[in-house]
Amino acid sequence: MLSRLLAWAIVVLAGLAAGSWAGAAEQSPIAIPARETPPIIILKLDDLRQLQGGRVHPRWQRVADYLEQKQVKYSIGVICQTLESAHPNYVEWIRSRQESGNVEFWFHGWDHAVHQVDGTKYNEFNGRPYDQQKERLDKAQKLAKEKLGFAFTTFGPPGGEGNGVFNQDTLRVLLDDQDMRVMLYPAPFNDPKPSELTLFARKLVAESQGKLRILDVAWQARLERPLFKPNLEAFMQGYAKLPKRQYFVLQGHPAHWSDESFAEFERFIDFLQSQNALFMTPSEAASAIYPGDSDAAGTNP
Ligand SMILES: [Zn+2]
C-alpha cells in the first residue's frame, strides 16, 4: 500500500515539476493509479501525403522535429497515391526516418477517398470487392519498394464521411499480402459485444497463427476528442480507469492541429513521459505484445 501511495505521489510530483499537465490538473485533479508496468504507447499519426515541390505540410515537419527532439518513437500513415509522383525530397523525408528505426511508415490507403456504389457512400476499404482492394494495396507496396526501399508491414484503414472503414475482404487482402503483419484496428477487438465484422476478424486472426496481429483502440483513452483536437484531460480520465491495459494506440491528425492543439499534444507527451511510457512503432509494439509470434511473415510452420 505504502509503495502504491509513494508511486502515486511520484507521478503527481513529476507531473507538477514538469509543469506539464498542471493546467488540466488545476481544474479537475485526476488521480492516476500506479501501474505495475509502464504503458506501451503507439503514436498513430494519420494522412501524410506529398505537397507541391516534394514538401510535407509544415505541421508535419513541426511534429516530426518535436518528437525527434524528445526522442519519442512514432508512426505515420501514408496516403500512397502521391508516391507515384514522389519528388526526391519527399522520398528522402520518409526514407531517412524509416531507416532511423524511430519511425514506422504504414499503409493508410491509396487515395483515402469516399466512393459511391448505387448512391451509398463508402470509405476506401468498404463497398469494394477483394480484387479492387488488393489492387490498391499492391500498387502501394510496389511503389514503396521501388521508391522508398521497403514494404509496408502495418495497415490502418482510412475513414471519412462514408460507411464503414473496412470489410471481410480487407482482412483477406492483408492476410494474402506477404509483408503485412499488423492491423491498427479501429474498434475494441475484445469487446464483449463484438460486431459481426469483429467476430469474423477474430476468427481469421486466430487462424492466421501469428501472421496478422491486431493493435486495437480503447475508446476511453484517445488522443483526439473531438476529432482533430488533442485533449489530455479526456485521455487522463480514461487512462486512469485502465491501469492494467498494456498499450494504447493514440490516433492523431497533425496537419489539422492549430498552435493550441499542438501545445496540447506537447503536454500529452510530457504526461506520458512522466508515466515512463514506452513509445514504440506498431511493428515493435506487436512483437512486444505478441511475443510468441514469428516476425517472419508466413513462415510459421
Ligand atoms: Zn486518415
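These legends describe close-up views of one predicted model. Because the model is predicted, local features need pLDDT of at least 70 and side-chain atom pairs count only at pLDDT 80 or more, while totals for chains, interfaces and linings use all residues. Residues are numbered from 1 along each chain as its sequence is written, and side-chain values use heavy atoms, with hydrogens and water left out.

View 1. Helices (H or I, at least four residues) and strands (E, at least two) are DSSP runs, numbered from the N terminus. Two strands pair if DSSP finds at least two bridges between them. Strand β1 spans residues 40-48. Ile41 has Phe279 of β10 as its bridge partner. Nine of the nine residues of β1 are buried, so the strand is largely enclosed by the rest of the structure. Buried means under 20% relative accessible area, exposed over 50%, and partly exposed in between (1.4 Å probe, protein chains only).

**View 2. Helix α3 packs against helix α9.** Two packed helices are described by the angle between their axes and the distance between the axes. Axes are lines fitted to C-alpha atoms, for helices over the stretch in contact, and angles run from 0 to 180 degrees between N-to-C directions. For α3 (residues 58-69) and α9 (residues 259-274), the angle is about 20° and the axes are 12 Å apart. That makes α3 roughly parallel to α9. Angles under 35 degrees count as roughly parallel, over 145 as roughly antiparallel, 65 to 115 as roughly perpendicular and the rest as oblique. From α3, the contact uses Arg62, Val63, Tyr66 and Leu67. From α9, the residues are Asp259, Phe262, Phe265, Glu266, Ile269 and Asp270. Contact means heavy atoms within 4.5 Å. By class, this contact has six nonpolar, no polar and four charged residues. Ala, Val, Leu, Ile, Met, Phe, Trp, Tyr, Cys and Pro count as nonpolar, Asp, Glu, Lys and Arg as charged, and the others, Gly among them, as polar.

**View 3. Helix α5 packs against helix α6.** The axes of α5 and α6 (residues 168-176) lie 9 Å apart, at an angle of about 45°. That makes α5 oblique to α6. Four nonpolar, two polar and four charged residues make up the contact.

**View 4. Ala144 sits in helix α5.** This helix covers residues 130-148. Ala144 counts as buried because its relative accessibility is 0%. Not counting residues up to four places away in sequence, Ala144 touches Leu83, Gly149, Phe150 and Phe152. Phe107 is 37 residues from Ala144 in sequence, yet their C-alpha atoms are 9.6 Å apart.

**View 5. A cis peptide bond leads from Arg225 to Pro226.** Its omega is near -5°. Pro226 lies in the loop between β8 (213-216) and α8 (232-240). Phe228 lies in the loop between β8 and α8. Phi of Phe228 is positive, near 75°, in a residue other than glycine. Phe228 is partly exposed, at 29% relative accessible area.

**View 6. Asp118 has a positive phi although it is not a glycine.** The value is about 50°. Asp118 lies in the loop between β4 (115-117) and β5 (120-122). With a relative accessible area of 80%, Asp118 is exposed.
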